[in-house]
Amino acid sequence: MVKNYSIAIDGPSASGKSTVAKLVAKKLGFVYIDTGAMYRAFTYAVILNGLNPENEEEASSLVNKIDINFSDENKILLNGKDVSREIRDNLVANNVSFIASYKQIRLFLVDLQRKIASNKNVVMDGRDIGTYVLKDANLKIFQVASVEERSKRRYLENKEKGIDTTYDDCYKNITTRDYIDSHRAFCPLEPAKDSIEINTTEMTIDEVVDAILVEAKKKGIN
Ligand code: CDP
């Protein structure tokens, strides 16, 4: 039987997980799975359907009724349509942590995440990958950075993507999401006991990627 490898990268908002995870996956020839994009796509579907994201019952009514997947080019698809741009909008960013706190929705998306990852070598990033989704991952990284640095990174990223936000908007959104994500009852954001913490505040992207590749090598992943 062919053995598959998995790398879990968790951490708070804008700690650089997706940029790094994408590059690590590319270097190793693994598939990259952005689970945050899936929570964002669900949130976008709730808004599109005129449902209230703060109402658990209303939002959860879409479970099993919508299709969330990735295209061959790794674009996030909602019912077959590329929604990569829409899921970065402020309305989605400001509501996604409510959606991600609802158990039924999490179970629905975790099931999809495990299916997408099955029989593949993967790098998956999110909040609960090492603690829940891929509990047996070969390598678990917990990426952190100061809230000021994360707000700055998100502000610059949004600016580049043409999304209209200020540094203060980003700071507020990130601190609010940090709080909701780490205080929810089911699968809160927390490091897995066997994870390796990397503080990226003063590190370049390449330095973080190299640090993860060193850890991967130590675990026999290559
Ligand atoms: O903004 P950032 O790229 O850091 O976040 P994201 O990875 O796109 O995730 C957006 C939101 O989805 C998070 O703030 C969490 O509320 C939720 N999420 C989660 O609960 N569990 C995951 N595995 C991934 C994301």
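Which element gives the largest share of the shell around the ligand? In this predicted model, that share comes from helix α2, which contributes 4 residues.

The shell as a whole consists of 20 residues, and the closest of them are Arg40, Arg106, Arg154, Arg177 and Asp181. Sorted by class, the shell holds 10 charged residues, along with 5 nonpolar and 5 polar ones. Of the 530 Å² of accessible area that the ligand has on its own, the protein covers 97%.

Two of the elements named above also pack against each other, for helix α2 (residues 35–48) and helix α4 (residues 90–99) meet at an angle of about 105°, with their axes 9 Å apart. Because angles from 65 to 115 degrees count as roughly perpendicular, α2 is described as roughly perpendicular to α4. Among the residues that make this contact are Tyr39, Arg40 and Phe42 of α2, and Leu91, Val92 and Val96 of α4; the contact residues divide into 10 nonpolar, 2 polar and 1 charged.

Glu86 lies in the loop between β5 (81–82) and α4. The side chain of Glu86 makes a polar contact with the side chain of Lys81 at 3.5 Å, and Glu86 also touches Tyr44 and Val92. The C-alpha atoms of Glu86 and Arg40 are separated by 9.0 Å, although these residues are 46 residues apart along the chain.

Key. Residues numbered from 1 in each chain as written. Predicted model: local features only at pLDDT ≥ 70, side-chain atom pairs only at ≥ 80, totals over all residues. Heavy atoms only, no water. Axes fitted to C-alpha atoms, helices over the stretch in contact; angles between N-to-C directions. Parallel < 35°, antiparallel > 145°, perpendicular 65-115°, else oblique. Contact = heavy atoms within 4.5 Å. Nonpolar A, V, L, I, M, F, W, Y, C, P; charged D, E, K, R; others polar. Polar contact = N/O pair within 3.5 Å; in protein donor to acceptor, adjacent residues only side chain to side chain. Near = heavy atom within 4 Å. Areas by Shrake-Rupley, 256 points an atom, 1.4 Å probe, with all protein chains shown as cover. Lists of a residue's contacts leave out its neighbours within four places in sequence.
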